[in-house]
Every structure is written in C-alpha cells, then in structure tokens.
Amino acid sequence: MQLSRRFGRLYGGVIYDAMCFDLRWPRPFVVDPGIKSAWPISGGAVCGPAFTCRGEPVRDPQHVDDTVRIRMFDQFFPGCVQVIDTGGDREVAHFGDISGKIARKFGCIGAVIDGFTRDVGNLAQDQFPVFCAGAQPVDAFGRWQIVNYEEVVSLPGADGRVSVYPGDYIFGDPDGVLVLPRAHCDEICKLAEQRQERED
C-alpha cells in the first residue's frame, strides 16, 4: 500500500519518462489511448496491483455461468485494480455500477477494461474509477461472462499488445493507463520521483 501511495503522488507523464528514457523498457506498457476514464477522476491517480480476469462471449444460452465471477469477487484484496480482458467483445457493457459496488466491498479500488461500461452516472456518484473504451447500456448477462481470473491477460496498447500479469501495477490518471511490471515497480517509482523532484 505504501508503494501505491507513492505512485499516487506522481502523474503518468513522469512515470512514462522514467520507464522510457531511464529504464528503456523494451516491451509495450502504455494502454491504448482509447481506453480512458469513463468520468472525470477527482483526487489524482488510481494505482494498485492488477487483479486480472478474462471474459468471453456466450455462444449458447446453456453455457451461461456466473459462478466464476462470484468466486472471483471473493479473491479480491484491498487496493487491487480489476483488469478485464474482454476477448475483443464489443457487444455489451462489461461492467456497471453493481459490479463497482461489489468490487469495492471486496477491496478493489478501480477497473480497467478493454471494452465498455454502463451506469456511468452511478459510478461517478460512487467515485469508483473505471477506465474503458466507452459506454453503452446493453447488459452482459447471458451474452458475455468472466471465464477465468488471476492469469496473464493482454490489453490493446499504444504500440502493441500490453501483457498484464497478476500483481503488475496499474497506474491510471487523466492521461491514460500504464502497466508497470511488478518486479520493477520500486525502481520505476524511485526514478519517477527523482524526475518529478527535478521538474519541481
């Protein structure tokens, strides 16, 4: 949690510079700029370890199974950020205010989705940050569902697919979303803090 607080005092640009120019990080880590905050975030950045999950469209009504999602909520931990790989689905809203309320109850502080949300007004009222490709009202039940969690997922990136491992740090602010490799987070944070101090 201390690392999350330190990252929370930074901003995306200075973290990007630390990874790009100081570490010369060789793999994509900037999430596609089309994935942005669904509502204006107050209070700075959202930062925490990734809790990854993957979903798929439901091809047959007989295959509807919400039990995976229910079990998933019980595995959330304080300060995590839910990362949803939708499998490229663009037919439904993959998140909503009820999902946000349940996620928060189990310790989650925000969500990053390579798809859509709904209930944006309620999410904003609840102050639950969601970074996504947009909003639409179509409910996911019976059309799309979570099929697994805490596995490596990928999101579209600014310069290639961005792999997200469970426990990688997610940093989201008004500029967008960065995925910070878990093993290097302390070094990234120190370098970014040094850059911000020089800028200040």
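Guide: A charge sits over a ring if NZ of Lys or CZ of Arg is within 6 Å of the ring centre and within 35 degrees of the ring normal. This is a predicted model, in which local features need pLDDT of at least 70 and side-chain atom pairs count only at pLDDT 80 or more, while totals for chains, interfaces and linings use all residues. Residues are numbered from 1 along each chain as its sequence is written, and side-chain values use heavy atoms, leaving out hydrogens and water.

Visitor: What lies over the face of Phe116?

Guide: Arg90 does, at 5.6 Å from the ring centre, where the limit is 6 Å.

Visitor: Why is Lys105 called exposed?

Guide: Exposed means over 50% relative accessible area, buried under 20%, and partly exposed in between (1.4 Å probe, protein chains only); Lys105 has 69%, and is therefore exposed.

Visitor: How do you know that Phe51 is buried?

Guide: Its relative accessible area is 1%, and buried means under 20%.

Visitor: What makes the aromatic pair of Phe51 and Tyr149 stacked?

Guide: Rings of Phe, Tyr and Trp (its six-membered ring) pair if their centres lie within 6.5 Å, and planes under 30 degrees apart count as stacked, over 60 as edge-to-face and the rest as tilted. Phe51 and Tyr149 are 5.9 Å apart, centre to centre, with 25 degrees between the planes, and the pair is stacked. Phe95 and Phe128 also form a stacked pair, at 5.9 Å centre to centre and 15 degrees between the planes, and both of these residues are buried.
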